[in-house]
Amino acid sequence: MRTHTEPKPIGNKPIVVKLGGALLDEPAQNAAFFQTLADFIQHDHHVVLVHGGGKSVDRHLQLLGHTSHKRDGIRITPPEHMLEIAGVLAGQLNARLVGLLRARGVNAVGLTLADGATTTARKSEKFSFDAGRVGEITGGDANLIQTLLRNGCTPIFSSIAMDDAGELLNVNADEAAAAIARIVSARLLVLLTDVAGVKDNDGNIISTLDRNSVDRLTQSGAITGGMIAKVRAALEASEQAGVATLVAGWNDANVLQTLNNAG
């Protein structure tokens, strides 16, 4: 797994890009990024987007008088919060991103992880604590994504899934992006964040990571908060599906240029 630079990908497999929800909070201020992203999509034509939206969810729940809690970078999701979280992620933010890209010439299609059986999911069992309606993806089908890409459309997934009973699940967006990358056999997974990349204890950007270094940096506190889930998702994509993975800051001009040159 690389965290700063990545060789130019080759072939016709999709690139999966995960966008942090902070990008959608102030779209006017981030207009240059969305134009670069639109140019990248129109250049490559095989791009799948996945987005988060934690800050927007926090604000919405706060307005309703609910308190949000996170642990190990994961949002604890009580059942009574689930419909509200889905409304923000699959409704408000997904529609906003679709609109931002359609205005820039991208034929964007807004989706949840459950649409077209793109993923199957269950209530997560991997935590030592009860995370509520937090989901983990157990499998999936690339047919809908492939159909959309063949027809010139850009799928945009919120991180809302469903279990076998049709009940909603909140999936960490980085884990969702890694799962989509596995399902479509992506040639590159890009996890864009609001920091420049993964840093060591001295604040230096780390160029490459493996499981041992991730465990060591997590234990030392260098990797903390939401970055824990991000690097674990990147490792999972790299190890289980052989997907090259890049973790980088969305406002890094060099990263944006790399994306524009990818193809």
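Visitor: Which residues does Thr-77 touch, not counting residues up to four places away in sequence?

Guide: This is a predicted model. In it, Thr-77 touches Met-82, Ile-85, Ala-131, Gly-132, Arg-133, Val-134 and Asn-170. Thr-77 itself sits in the loop between strand S4 and helix H4.

Visitor: Why is Thr-77 called buried?

Guide: Buried means under 20% relative accessible area. Thr-77 is at 0%, so Thr-77 counts as buried.

Visitor: What makes the pair of Arg-75 and Thr-77 a polar contact?

Guide: The cut-off is 3.5 Å between N or O atoms. The backbone oxygen of Arg-75 lies 3.0 Å from a polar atom of the Thr-77 side chain.

Visitor: Where is the kink in H4 centred?

Guide: On Asn-94, with a kink of about 30 degrees. Asn-94 is also among the buried residues of H4, which include Leu-93 and Leu-97.

Visitor: Why are the buried residues of H3 said to share a side?

Guide: The buried residues there are Ser-56, Val-57 and Leu-61. They cover an arc of only 130 degrees around the axis, so they lie on the same side of H3. Their cover includes helix H1, S4 and H4.

Visitor: Which exposed residues does the face of H3 turned away from its buried side carry?

Guide: Gln-62 and Leu-63.

Methods. Residues are numbered from 1 along each chain as its sequence is written. This is a predicted model: local features need pLDDT of at least 70, side-chain atom pairs count only at pLDDT 80 or more; totals for chains, interfaces and linings use all residues. Side-chain values use heavy atoms; hydrogens and water are left out. Helices (H or I, at least four residues) and strands (E, at least two) are DSSP runs, numbered from the N terminus. Buried means under 20% relative accessible area, exposed over 50%, partly exposed in between (1.4 Å probe, protein chains only). A polar contact is a pair of N or O atoms within 3.5 Å; within protein, one must be able to donate a hydrogen and the other to accept it, and residues adjacent in sequence count only if both atoms are side-chain atoms. Contact means heavy atoms within 4.5 Å. The bend at a residue is the angle between axes fitted to the seven residues ending there and the seven starting there. The arc is that of the directions from the helix axis to the C-beta atoms.
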